Amino acid sequence: MATTQTPLLFSTNNNGQPFIHNSHTRLFHLLNHSIVDISHLKQIHAQLLRTIHTNHHPQSLLLHSRILHHSSLLDLGYATRIFHHFQNPNSFMWNTLIRAYARTADQKHKSMELYKAMLMMEREQQSAAVIPDNYTYPFVLKACAYLFSLSEGKQVHAHVLKLGFESDTHICNSLIHFYATCGFLDLAHKVFEKMSERSEVSWNIMIDSYASAGEYDTALRMFCEMQRIHDPDGYTMQSVISSCAGLGALSLGLWAHAYVLKRSDKNMIGDVLVNTSLVDMYCKCGSVGFAKQVFESMPYRDVNSWNSMILGLAMHGMAEEALDYYARMVKVKGLMPNSITFVGVLSACNHRGMVNEGIMSFDIMTREYKIEPRLEHYGCLVDLFARAGRIEEAMNLVSEMPMKPDVVIWRSLLDACCKQHASLELSEELAKKVFESEGSTTYSSGAYVLLSRIYASASMWNDVGLLRKLMTDKGVNKEPGCSLVEIDGVTHEFFAGDTSHPQSEDIYKFMSEIEEKLEATGYVPDYSGAPLVDEVNEGKKNTMRLHSERLAIAFGLLRSRPGMPIRVFKNLRVCNDCHSVTKLLSRIYNVEIIVRDRARFHHFKEGNCSCKDYW
């Protein structure tokens, strides 16, 4: 193997030949203390080849193993050539190369190929020197997880059991991660339950797996169990805080933040990942003020920290502030934005209807930063055009996209057509696109409702009825409205027309009082969000007053402490009438009401909304 021109690491005699005396000890010393780069390693390797002329020499295997280890970190191609130079590599050599490929970004599949080759050699030679050991399996399973190779991973699991490694904590942790990554949390939990000894890492992987899968309650329950055995670390708290964010549970999030401050060491308090998760949690729980406090107090911020703050501000409709943070990030701090940064910037422009700023940001992203636009970026820009009434430009952009539009883009166009009273023909065509798109099951009921609303606005009641019948025949049900409100740390759930709450009688009595106060202000209902049938206005009004967020807000007004904001989390986009009513209630009862619907946050205060009636 060729060596590069570097200063000699070995002394020579008068004939230019290297001294052989104690050369092995010298090589071991150099391999342990003097590795600078691949060229130095190659020089050591060359010296080894000149002093030991056979791979069967007692010292050869050990020295080559060390060289293989270092080269796997410096030059994987060179390491692979060294490995194949041996006819009978031992388990350490196999494990070294399997681990190296498992750590690569795009060659993890070669770990599996090496593992299969290792098994074949074991069978052919029946040698204990090449039997997979407890160092082999964590990296093989890591490769299986990355490649979502469920079948191969299950076979590896069988090998683990066959070789008696089922009690190895490190291997079991890798199995848990593998099954969870492949979407089989039940199998991951079975491995976890059968472990004879669980480390802190075992708990962290399990908690994080549940949080990543959206099973936030289970993640938090496991955290409570873990506390009896292990002290949580930064990784634990990230998962816990993420679960609080997913639940919209501000009280739990505040508790988790206090836990970090009171029970943790200085490293966790200043940890960029923990603090970034806190920023994200406060934004998703409707407390953007706390999010900014955490962000501004961070001793160090990376790109992900800035992205969380920009995305959070965008979600709350604070477009100007989001763009200011973006400017600070790139101009003051000199950080390089990534594709997620521009999702936040474009979302901010979208939620405020800042079309020109959105076009300019998209151009900067592609031209200045050479970031290849993804579907999310096009989706933001399409929605920005469509909601601003520039539907033709939105359609042109969709036709020019280098990738196939997804169901979200077609749905956003249909929604814009409904709001902008676009042509019936275009609306019907867009609805058809939604129904035909992959993954349309989640969005089809909403598309039927929008199309029904378009027919209803044109008084085409026969078509509304036919569409309703088609929904029934296909088993498509309108997604029920559901709202959550947290009072004194307890979350209460309400559905549209719900009477199951223990305090329903008090809630409905109070809603009658609310109706009287609304009428005294001159409130006139907006029936655009009412049931899509040709019924009298009084019937529509009775239905709208039973929307889930109105029940949640009424309960919040009844039970919240004076001066405390009411935070409501709704699964559907808020309708026009409920938006108007919530603005009035914030003024009548002098309370701040924060509503997160499917699209964004609305902050209602003193009769106004942060969205400025653009959503």
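Apart from neighbours within four places in sequence, Val240 is in contact with Leu220, Phe223 and Ala256, contact being defined as heavy atoms within 4.5 Å. Val240 is found in helix α13 (residues 234-247); helices (H or I, at least four residues) and strands (E, at least two) are DSSP runs, numbered from the N terminus. At 2% relative accessibility, Val240 counts as buried. Buried here means under 20% relative accessible area, exposed means over 50%, and partly exposed lies in between (1.4 Å probe, protein chains only). The C-alpha atoms of Val240 and Arg221 are 9.9 Å apart in space, and the two residues are 19 residues apart in sequence.

The model is predicted: local features need pLDDT of at least 70 and side-chain atom pairs count only at pLDDT 80 or more, whereas totals for chains, interfaces and linings use all residues. Residues are numbered from 1 along each chain as its sequence is written, and side-chain values use heavy atoms, with hydrogens and water left out.

The secondary structure of the chain comes to 31 helices and six strands. Of its 615 residues, 50% count as buried. When contacts between residues at least 6 apart in sequence are considered, 62% join residues at least 24 apart.

Leu250 is found in helix α14 (residues 250-263) and, at 8% relative accessibility, counts as buried. With neighbours within four places in sequence set aside, the contacts of Leu250 are Tyr282, Cys285, Ser287, Glu486 and Arg567. Leu250 and Cys285 are 35 residues apart in sequence, and their C-alpha atoms are 5.5 Å apart in space.

For residues 302-337 the content is 75% helix and 0% strand, with the end C-alpha atoms 10 Å apart.

Helix α21 has 14 residues, which should span 20 Å at 1.5 Å a residue; its end C-alpha atoms are 19 Å apart, in agreement with that value. The expected span of a helix is 1.5 Å times one less than its number of residues. The buried residues of α21 are Val355, Gly358, Ser361, Phe362, Ile364 and Met365, and they pack against α19 (319-332), α20 and α22. Just after α21, Lys370 takes a positive phi of about 55 degrees.

Helix α22 (residues 375-387) has 13 residues and reaches 18 Å from its first C-alpha to its last, close to the expected 18 Å. Eleven of the 13 residues of α22 are buried, so the helix is largely enclosed by the rest of the structure. Among the buried residues of α22 are His377, Tyr378, Cys380, Asp383, Phe385 and Arg387. The packing partners of the buried residues of α22 are α20 (339-352), α21 (355-368), α23 (391-400) and α24 (407-420). Just after α22, Gly389 takes a positive phi of about 85 degrees.

The axes of helix α28 (residues 504-520) and α31 come within 11 Å and cross at roughly 90 degrees. That makes α28 roughly perpendicular to α31. Axes are lines fitted to C-alpha atoms, for helices over the stretch in contact, and angles run from 0 to 180 degrees between N-to-C directions. Angles under 35 degrees count as roughly parallel, over 145 as roughly antiparallel, 65 to 115 as roughly perpendicular and the rest as oblique. In this pairing, Ile514, Lys517 and Leu518 of α28 meet Val581, Leu584, Leu585 and Ile588 of α31.

Most residues other than glycine have a negative phi. Asn590, which is not a glycine, has a positive phi of about 50 degrees. Asn590 is placed in the loop between α31 (576-588) and β4 (593-596) and, at 67% relative accessibility, counts as exposed. Glu606 also has a positive phi, near 55 degrees, in a residue other than glycine. Glu606 lies in the loop between β5 (601-605) and β6 (608-609). At 58% relative accessibility, Glu606 counts as exposed.
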